[in-house]
Amino acid sequence: MANLGLLLIRLVVGLIFAAHGTQKLFGWFGGHGLKGTGGWLESIGIRPGVLMAFLAGAGELVGGLLFAAGTFTWLGAALIVITMLVAIFSVHGKNGFWVTSGGIEYNVILIAIAVGVALVGPGAYVLV
């Protein structure tokens with residue numbers, strides 16, 4: 001059952017993370033695409049906005065897909081952790097802990113999941 005549990009965690013977290021990347025990169029799922037996300041990033045002082053939006057979106061998309069697939073899980077987890085640390089230090093950290101105040105709660109949960117799965121491995125059900 002542990003292998004099924006790991007698969008469920010990887011698929012849900014990885015695919016949701018990848019979907020966030022497509023919001024930034026392509027404007028899918030109600031996202032704003034590179035230009036819109038880049039403009040928002042510049043409005044909060046992160047420059048160059050479009051390049052940073054691309055890096056964030058690519059990290060989320062690639063990291064999420066690798067994590068979901070269980071292929072190079074450590075790399076997918078690292079991309080998730082890096083993206084969440086940047087989000088904490090550039091956006092959410094000043095808002096405290098709770099997500100209801102725009103805080104770091106969600107970011108910390110994702111970091112814990114990514115690191116936990118990277119430490120125990122992806123389980124038996126992976127794409128090779």
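Guide: A residue is called buried when its relative accessible area is under 20%, exposed when it is over 50%, and partly exposed in between, with a 1.4 Å probe and protein chains only. This is a predicted model, in which local features need a pLDDT of at least 70 and side-chain atom pairs count only at pLDDT 80 or more, while totals for chains, interfaces and linings use all residues. Residues are numbered from 1 along each chain as its sequence is written, and side-chain values use heavy atoms, with hydrogens and water left out.

A search of the whole structure finds three aromatic pairs, where rings of Phe, Tyr and Trp (its six-membered ring) pair if their centres lie within 6.5 Å, and planes under 30 degrees apart count as stacked, over 60 as edge-to-face and the rest as tilted. One of them joins F26 and W28 in a tilted arrangement, 4.9 Å centre to centre with 35° between the planes. F26 is partly exposed, at a relative accessible area of 47%, and W28, with 47% relative accessibility, counts as partly exposed. F97 and W98 form an edge-to-face pair, with 4.7 Å between the centres and 85° between the planes; here F97 is partly exposed at 40%, whereas W98 is exposed at 53%.

F26, W28 and F29 belong to one aromatic cluster. F29 lies in the loop between α1 and α2, where helices (H or I, at least four residues) and strands (E, at least two) are DSSP runs numbered from the N terminus. Although F29 is not a glycine, its phi is positive, about 55°, and its relative accessibility of 61% makes it count as exposed. F72, in the loop between α3 and α4, is likewise not a glycine and has a positive phi of about 50°, and it counts as exposed at 53%.

Turning to the helices, the axes of α1 and α3 come within 7 Å and cross at roughly 155°; axes are lines fitted to C-alpha atoms, for helices over the stretch in contact, and angles run from 0 to 180 degrees between N-to-C directions. α1 and α3 are therefore roughly antiparallel, a word used for angles over 145 degrees, with under 35 counting as roughly parallel, 65 to 115 as roughly perpendicular and the rest as oblique.

α4 and α5 pack at about 160°, with their axes 9 Å apart, which makes α4 roughly antiparallel to α5. Among the residues that meet across this pair are W74, I80 and L85 in α4, and L110, I111 and V117 in α5, contact meaning heavy atoms within 4.5 Å. In α5, the residues E105, N107, L110, I111, A114 and V117 are buried, and what covers them includes α1 (2–26), α3 (49–69) and α4 (73–92). An α-helix has 3.6 residues a turn, so residues three or four places apart point the same way.

The length of α5 (residues 105–120) can be checked too: its 16 residues should span 22 Å, and its end C-alpha atoms are 23 Å apart, which agrees, the expected span being 1.5 Å times one less than the number of residues. After α5 comes G121, whose phi is positive, near 95°.
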